[in-house]
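Here is a short report on backbone details and strand pairing in one protein model. Look at the structure first, then read on.

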Amino acid sequence: MGAGASARLPEGQDAFTEAELRGILGDAFDEAAYKGAAAEDGRVSAAKVREILAAAAPPPPAEGEEAAEAEAAAATPEELAAAAAKARAEELAARADGEATVVYNMYNEAFPVTANAMKASDVDEMYCCSDVMPGCVLKLSTFSTAQRQADPDAFTYVDEEPEGTFVGLLANAEYHLYVIQDAEQARQDMEAIRARQAADAAAQPSDAAPPECKCLEGTPCTNPYHCNFTSDEAKREWDERKKASGLG
């Protein structure tokens, strides 16, 4: 009788056969438990069945947990957003100071995080980016290169305040460094990201249906996640998609 069994036994019956218990318990019937509790005649006493069911039942909700779940289910979008913001603020406070790893090519050094901030100059000094690319701009993101390519619409950089100081960081987290050689290109990238974020905020609800794959209709997908002809392990390989749409 598996965990979660909540069947009720018929009143007035002192013992049950395997067939009877299968009919009463359905998916909750546990053959191993039945055989371990069966008497010589192959039947299990009602008391023993109730004992096993009680042992397999899930524990009751912790004090206040049931009320908290009901409250969360009844919360408005504004209340949920406020709760998420509060949780984020608490996480920032708990992980304000320490070190965070910055990944760049084969490098993955730890850099100090103070009050949830890190200096771009500290990273530049360690990785010598400006020595190789004078005038370059350094950006951090929670997205790796692979994640950015897989979902470019969701990609964003870590905030800076002021420019050159990364803010909103968490100690003991991992970030990815992007080095942009052209400062003007860096500015345009940030403007594009902010514009996309504003558009997303004003867009339709997030539960709207995703775009459908139309490769077979001659219109190749622009997002590999919606493409039926791209494997999960090779989202950037579009040969199959192009062939299906007649463009390959």
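Asn116 is buried (under 20% relative accessible area; exposed is over 50%, partly exposed in between; 1.4 Å probe, protein chains only), with a relative accessible area of 13%. This is a predicted model: local features need pLDDT of at least 70, side-chain atom pairs count only at pLDDT 80 or more, and totals for chains, interfaces and linings use all residues. Residues are numbered from 1 along each chain as its sequence is written, and side-chain values use heavy atoms, leaving out hydrogens and water.

Most residues other than glycine have a negative phi, and most peptide bonds are trans.

| Residue | Phi | Relative accessible area |
|---|---|---|
| Asn116 | near 65 degrees | 13%, buried |
| Cys128 | near 55 degrees | 32%, partly exposed |

Asn116 sits in the loop between S4 and strand S5 (118–119). Helices (H or I, at least four residues) and strands (E, at least two) are DSSP runs, numbered from the N terminus. Cys128 belongs to the loop between helix H6 (120–127) and helix H7 (129–132).

Now the strands. S3 (residues 98–104) pairs with S4 (residues 107–113) in the antiparallel sense, over seven bridges. Pairing needs at least two DSSP bridges between two strands. Tyr104 faces Tyr107 in S4. The two strands form a hairpin with two residues between them. Asn105 in that turn has a positive phi of about 55 degrees.

S3 also runs parallel to S8, joined by three bridges. There, Val103 has His176 as its bridge partner. His176 is buried too, with a relative accessible area of 13%.
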